[in-house]
Amino acid sequence: MSEQKNEYTEAELAEMSRDEKVRLGLALDDVELVEYRDNFPVPGTRAERRAERAVAAWFTLAGLSALAFIAVFVFWPWSYQPPSDERAHFIYSLYNPLIGFFFGLAILAVGIGVVQYQKKFIPHEVAVQQRHDGHGSDEVDRQTTAALLADAGVRSGISRRSMIRRTAGFGAGAFGVGAGVFAIGGLVRNPWATEGPESLQHTEWLSENGEKTYLRRNTGNPHEISLLRPEDIDAGGFETVFPFRESMRHDEHELEASMKKGDAPVMLIRLRPGSQPVKRKGQEDFNYGDYYAYSKICTHVGCPTSLFEQQTGRLLCPCHQSQFDVVNTYAKPVFGPATRALPQLPIAVDEEGYFVAKGDFIEPVGPAYWERNA
Ligand code: FES
C-alpha cells in the first residue's frame, strides 16, 4: 500500500480540481465512503420537481410571514383602547398575538425549509473514519476542507435549483429584515422631541394648554373621579395618584387611558411631622409642606415601587429590592440595583384645597435613559 503524501506546495494545490481536493481531504483524514447516494441521480424528474416545490413553498411561507410581521409591527393600531369601545379594543388586543404568530411562523417555516432541503437534496452518505487526526499541513487542511464544503453544495444541486434559491433568498431576506425591525423598531422615536407622542421627555402630567392637572386616586372605577386634599392622607401615609384634568371628565377613553399610561403613576407621600429631607438642588419647592410626590416607576427596570415603609421612610421596589430614601434624601437609592433617584413631581394645593401638579417631571421617568442627568 503506497504511503499517502501529505505535503503539497501551493502550486500543486492550485492545479488540483475540486474533486481531487475532496479525494485528498478524505484520504488524509482516513475517511472511507461506504455509501454515497444521490437522491435524484437523473435531473429534472417529476419527483425532483415536486420536492423542489415543497421546499420552495416553505421558504415562500417564511417570506410572506415575515412581511406580515413587519406590516403588523409597523402599521397595526397598538396603543391601548378601553373595553368601552369594543371594536377598537378587540383590534388593539390582537396586536401582540399577531406579532407573535407571524414571527413564530416565519422562524418555523425557514427551519422546516432548511430541514426539508437537507433531507431531500443533500446526497445520503455513510463514511467511516479511522480514529486519528489528519496528516496534512494547515494549507492542505484549509483547501481540502473548503473543497469538501463546496462539493457538498454542488452535489446538493443548489446551483440548478433556481426556484429554491429565489424562495430561500426571499424567505431568509424577509425574515432578516423582520428580525431587524423587531430589534430596532421600538427605538425609532425622536428622543429630542419636546412635545407630542414622539416625546420621551414628557408624561401624562404635562398640561399642554395650561389647564390645571389634579392628583386623582384610583378607586378601581376609572369613571369615578376622586381628587385628593391634604387632609385625605394621614401622617406617614401615602396614596398612588394619577393625573386628571376637567377636559377629561366627559371623555371615557381619556379617563381610562390616563390611568393606564406607564409613566403616569405617582406616589404621594405625607412624611411624619418634623421630617426634614435633604432637598434636591433646583427642586426645593417641589413639595407641599410634608407632602412629596415621586414617580412610582422604579429607575432600575421600571417596576412599580409600591411599598412605603413608614418607620424608615423608604420606598421599596418589590422586583429586585431597591430602596429609595424619602425621609433623609430626595428618594435616592440606598439599597439594591437602582442607581438613580426617583423623579419628583412638583405639587401645590389650589385655592379650593385640592392637590395639583405645578408641571410635568423635569426629567424622564423610569429606568436608564441616555440623557438623564441624575
Ligand atoms: S425594577 Fe425596581 S429594583 Fe429592579
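Q: Which residues in α7 do Phe103, Ala106, Ala109, Val110, Gly113 and Tyr117 in α5 meet?
A: This is a predicted model. Contact here requires C-beta atoms within 7 Å. On the α5 side the residues are Phe103, Ala106, Ala109, Val110, Gly113 and Tyr117. Their partners in α7 are Ile164, Ala168, Gly171, Ala172, Phe175, Gly178 and Phe182.

Q: How many residues of the contact of α5 with α7 are nonpolar, polar and charged?
A: Gly counts as polar, while Ala, Val, Ile, Phe and Tyr count as nonpolar. Gly113 of α5 meets α7, whose contact residues include Gly171 and Gly178. The division is ten nonpolar, three polar and no charged.

Q: At what angle do the axes of α5 and α7 cross, and with which handedness?
A: Helix α5 covers residues 95-121, and helix α7 covers residues 162-184. Their axes come within 10 Å and cross at roughly 150 degrees. The crossing is left-handed.

Q: Is α3 roughly parallel or antiparallel to α5?
A: Helix α3 spans residues 46-75. Its axis comes within 8 Å of that of α5, and the two cross at roughly 160 degrees. Angles over 145 degrees count as roughly antiparallel. Therefore α3 is roughly antiparallel to α5.

Q: How many charged residues are in the contact of α3 with α5?
A: The crossing of these two helices is left-handed. Their contact holds 22 nonpolar residues and three polar ones. The charged count is one.

Q: What is the strand content over residues 263-356?
A: An unreviewed UniProt entry lists residues 263-356 as "domain: Rieske". The end C-alpha atoms of this stretch are 17 Å apart.

Note on methods
Residues numbered from 1 in each chain as written. Predicted model: local features only at pLDDT ≥ 70, side-chain atom pairs only at ≥ 80, totals over all residues. Axes fitted to C-alpha atoms, helices over the stretch in contact; angles between N-to-C directions. Helix = DSSP H or I, 4+ residues; strand = E, 2+ residues; numbered from the N terminus. Left-handed = near helix turned anticlockwise from the far one by under 90°. Contact = placed C-beta atoms within 7 Å. Parallel < 35°, antiparallel > 145°, perpendicular 65-115°, else oblique. UniProt positions renumbered as here; feature names shortened; annotations may be inferred.
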